[in-house]
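Visitor: Could you take me through this structure? I would like to ask about its parts as we go.

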Amino acid sequence: MLMDVLGQQARDDVLRSGSVAFLCVVAAAALLAWTITGRVLQPVHDVTDAARRLSAESLGERLRLTGPRDEVAELADTFDEMLDRLQAAFESQRRFVANASHELRTPLSVIRTELDVTLTDPDADVDELRRMAGVVRAATERAEQLVSALLLLARTDGLGLAVREPVDLNAVVESAWRAVRAEAEERQVRASFLSAPAPAVGDPALLERIAGNLLENAVRHNVPGGWIEVRTEGGPDRTLLRVSSSGQPIAPDRVEELFEPFRRGGTDRTARTGTGLGLSIVRAAVAAHEGVVHASAVPGGGLSVVVQLPSTPHGKLV
């Protein structure tokens, strides 16, 4: 009987001890799991918190996650790269808006100054009024050209083509040259054309704007008595348009900047003619045609721009 009591007591003690030990193990496991899970998921929480704080004013923030290079670290790196692209896009947009505002303010300031000066002159005669009207008209035309260029850039940048039809690139170049020929002759710029069959597919108006902007730049940023060479070539998949010209020396590492809005000859807003959007529109229009554009500095001064466009409806550039 005593042995049974002692055995039962021993079993009860073991059961109590086991229960306590089990509860301790469960608590320790839960605490350990909570700690490990918190450490593992902390980078994910960091990414989530950064995404919640993200705004146009906090794009400079980066995670720069350190530690094991696992999937979470790859996610953080991808998030940082996305922020880099967003920050670059926002900064480019701010520069574009600031430059566009500056460009539009210049002709408006000219108009207001001319009006104020003329209206405050009690002795202003007909000749003075005509002179003022001429200045105001020139400033208005400049503002109109800039607004038209901005609208064209907005219509082509990142959008597809509304019209896609066969186009003879040589006819497009000939039409664009007629618009700038008088200016080229005035500056005594010699032009040579090396034409070959050059079929293309796209929007005729945009293709003429591509050729027109390239020829306008070649004339207006040339030197007196300079030269222009225009070459067209056709192929089974692509058609090439190359416009090369003499001009002021351009540093090779600054050529790509010429495709940014409001860049003229590698500097900001220094030219007396043009809107500073010519090559930006060319790049946007070429991209809308699924083509590519590349520029390089000409040794001794000048620029060479090469445009490649699909020559068939399903042509692919490689």
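Visitor: What is the handedness of the crossing where helix 4 passes helix 5?
Guide: In this predicted model, the crossing of helix 4 past helix 5 is right-handed. The axes of helix 4 (residues 169–186) and helix 5 come within 8 Å, at a crossing angle of roughly 30°.

Visitor: Are helix 4 and helix 5 then roughly parallel or roughly antiparallel?
Guide: Angles under 35 degrees count as roughly parallel, and helix 4 and helix 5 are therefore roughly parallel to each other.

Visitor: Which residues make that contact?
Guide: Helix 4 contributes V172, V173, S175, A176, W177, V180, E183 and A184. From helix 5 come L207, E208, A211, G212, L215, E216, V219 and R220.

Visitor: L207 is in that list. Is L207 buried or exposed?
Guide: L207, which lies in helix 5, has a relative accessible area of 2%. Buried means under 20%, so L207 is buried.

Visitor: What does L207 touch, leaving aside residues up to four places away in sequence?
Guide: L207 touches V167, V172, A200, G202, H289 and L309.

Visitor: And how far is L207 from V282, C-alpha to C-alpha?
Guide: Their C-alpha atoms are separated by 9.0 Å, while L207 and V282 are 75 residues apart along the chain.

Visitor: V282 is in helix 6, I see. At what angle do helix 5 and helix 6 pack?
Guide: Helix 5 packs with helix 6 (residues 278–288) at about 155°, and their axes are 9 Å apart. That angle makes helix 5 roughly antiparallel to helix 6. The crossing of these two helices is left-handed.

Visitor: Which residues meet there?
Guide: On the helix 5 side they are R209, I210, N213, L214 and N217. In helix 6 they meet G278, L279, I281, V282, A285 and V286.

Visitor: Turning to the strands, which ones does helix 5 lie across?
Guide: Helix 5 (residues 204–220) lies across strand 4 (227–234), strand 5 and strand 9. Helix 5 runs at about 20° to strand 5.

Visitor: What is the strand order in the open sheet?
Guide: Five strands form the open sheet in the order 2-4-5-9-8, with mixed pairing. Strand 2 (190–194) and strand 8 (292–297) stand at the edges; each has a single partner strand, so one side of each is left without a neighbour in the sheet. From one strand to the next, the twist averages 10°.

Visitor: In what sense do strand 5 and strand 9 pair?
Guide: Strand 5 (residues 238–245) pairs with strand 9 (residues 303–310) in the antiparallel sense, over eight bridges. As an example from this pairing, the bridge partner of L240 is Q308 in strand 9.

Visitor: A change of topic: where does P107 lie?
Guide: P107 lies in helix 2 (residues 71–119). With a relative accessible area of 3%, P107 is buried. Beyond residues up to four places away in sequence, P107 touches A139 and A143. The C-alpha atoms of P107 and A143 are 6.2 Å apart, although these residues are 36 apart in sequence.

Visitor: And for the protein chain overall, how many helices and strands are there?
Guide: The protein chain has six helices and nine strands. Of its 318 residues, 33% are buried. The accessible surface comes to about 19,500 Å², and 58% of it belongs to carbon and sulfur atoms.

Visitor: What about contacts between residues at least 6 apart in sequence?
Guide: Among those contacts, 70% join residues at least 24 apart.

Note on methods:
Residues are numbered from 1 along each chain as its sequence is written. This is a predicted model: local features need pLDDT of at least 70, side-chain atom pairs count only at pLDDT 80 or more; totals for chains, interfaces and linings use all residues. Side-chain values use heavy atoms; hydrogens and water are left out. Helices (H or I, at least four residues) and strands (E, at least two) are DSSP runs, numbered from the N terminus. Buried means under 20% relative accessible area, exposed over 50%, partly exposed in between (1.4 Å probe, protein chains only). Contact means heavy atoms within 4.5 Å. Accessible areas come from the Shrake-Rupley method with a 1.4 Å probe; for residues, only the protein chains shown count as cover. Two strands pair if DSSP finds at least two bridges between them. Axes are lines fitted to C-alpha atoms, for helices over the stretch in contact, and angles run from 0 to 180 degrees between N-to-C directions. Angles under 35 degrees count as roughly parallel, over 145 as roughly antiparallel, 65 to 115 as roughly perpendicular and the rest as oblique. A crossing is left-handed if the near helix is turned anticlockwise from the far one by less than a right angle, and right-handed if clockwise.
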